[in-house]
Amino acid sequence: MTQIWIISDDKPGHLNQSLGLAEALQRLEPSMTVETKPVLSKSQAFKTLCFGVRDTQSDPLPDVIIGAGHRTHLTLLAYKRATGARAVLMMKPSLPTNWFDLCLIPRHDEPAPKSNIELTDGALNRMQPRVSRSADAMQGMVLIGGPSKHFGWDDQAIIDQLAAIVDGEKPWLLTTSRRTPASFLSQLRAADLPNLKIVPFEETGPGWLGEHLPDAEQCWVSGDSVSMVFEALTAGCAVGILDVPQQSSNRITRGLQLLIDDQKVTPFSRWQQSNALPCPDSPFNEAARCADLVRKRLLS
């Protein structure tokens, strides 16, 4: 039986990436077991790295250890040394890449080509598409982020875009994020857009997005929220990008532009010209693709 360990630094976004890969591996081999372990202290990690000794010896030894986030690096390598497992890092490392068996790195990070590096379209996630949508499925969802160091914000500009998008018969569902300004929600409610139900982030629970997003034919995401763009693509939605002011060019904006250039997502300005929001030519599921790669390369 294959055993997978996930090293967690307690950051939900990093854990979401690791679980996305681990759960995709389990779909390929249901007998696989997954265990999540916390990051070791630096002293524990160095002790294990130097001597190959773990503080606990009773666990079933892992076959693959997965980690995301810089704080997981030493623990990942320490457990690799102690157990002989293969180490999979889901990011561009701050340590030499050849210390890991496989690095799954978003292509916008532009790593130097190496045999143990696999480029991915963005960060992996846990989203899964619905096998089939019901005839009365909602037209779409709207996922709203907020201002950040990379993006500015304009409440009215976003609302004006939404007014053009949700003008139809089928219902729409909108949710926000921790970064969404309170002023946006108050102005949106005052706009009284038809067919748009608003569920603020604070009213959603664990698994809420995964339950509702695969039911949507379309999903519009504010351009600052690139991780939600990849979740919407993985859920099988046709994805549109709401225009937000860009503060600078960086790897986040490069990643989004790559998706636009590949015609996997449609910016609002392009949608305005045709009212067409196409799905990608082929299903988008990087977790499934990478899980197949891990199984063939590290577990066969």
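**Close-up views: pockets and salt bridges**

By class, seven nonpolar, five polar and six charged residues make up the lining of the second largest pocket. All views show a predicted model.

**View 1. The second largest pocket has a volume of about 250 Å³.** Its lining comprises 18 residues. Nearest the centre lie Asp-262, Gln-263, Lys-264, Cys-279 and Pro-280.

**View 2. The largest pocket holds about 1,900 Å³ of space.** It is lined by 46 residues, and Pro-12, Gly-13, Asn-16, Ser-227 and Glu-231 are the closest to its centre. Four helices each supply at least two lining residues: H1 (12-28), H6 (208-212), H7 (226-234) and H8 (251-261). The lining divides into 16 nonpolar, 20 polar and ten charged residues.

**View 3. Asp-101 and Arg-86 pair through their side chains in a salt bridge, 3.2 Å from N to O.** Arg-86 belongs to strand S4 (86-89) and Asp-101 to the loop between S4 and strand S5 (102-106), so the bridge ties together parts 15 residues apart in sequence. Asp-101 is buried at 17% relative accessibility. Arg-86 is partly exposed at 30%.

**View 4. Arg-107 forms salt bridges with Asp-121 and with Asp-262.** The closest N and O atoms are 2.6 Å apart for Asp-121 and 2.4 Å apart for Asp-262. Arg-107 lies in the loop between S5 and S6, and Asp-262 in the loop between H8 and strand S12 (266-267), so this pair ties together parts 155 residues apart in sequence. Shared partners join Arg-107, Asp-121, Asp-262 and Lys-264 into one network. Asp-121 is buried, with a relative accessible area of 11%. Arg-107 is partly exposed at 24%, and Asp-262 is partly exposed at 38%. The whole structure has 15 salt bridges.

How values were computed. Residues are numbered from 1 along each chain as its sequence is written. This is a predicted model: local features need pLDDT of at least 70, side-chain atom pairs count only at pLDDT 80 or more; totals for chains, interfaces and linings use all residues. Side-chain values use heavy atoms; hydrogens and water are left out. On a 1 Å grid over the protein atoms alone, a cavity is a set of points where a 1.4 Å probe fits but cannot get out, and a pocket is an open set with protein on both sides within 12 Å along at least five of seven lines; lining residues have an atom within 4 Å of a point. Grid points are joined across faces, edges and corners, and a volume is the space filled by probe spheres set on the points. Ala, Val, Leu, Ile, Met, Phe, Trp, Tyr, Cys and Pro count as nonpolar, Asp, Glu, Lys and Arg as charged, and the others, Gly among them, as polar. A salt bridge is a side-chain nitrogen of Lys or Arg within 4 Å of a carboxyl oxygen of Asp or Glu. Buried means under 20% relative accessible area, exposed over 50%, partly exposed in between (1.4 Å probe, protein chains only).
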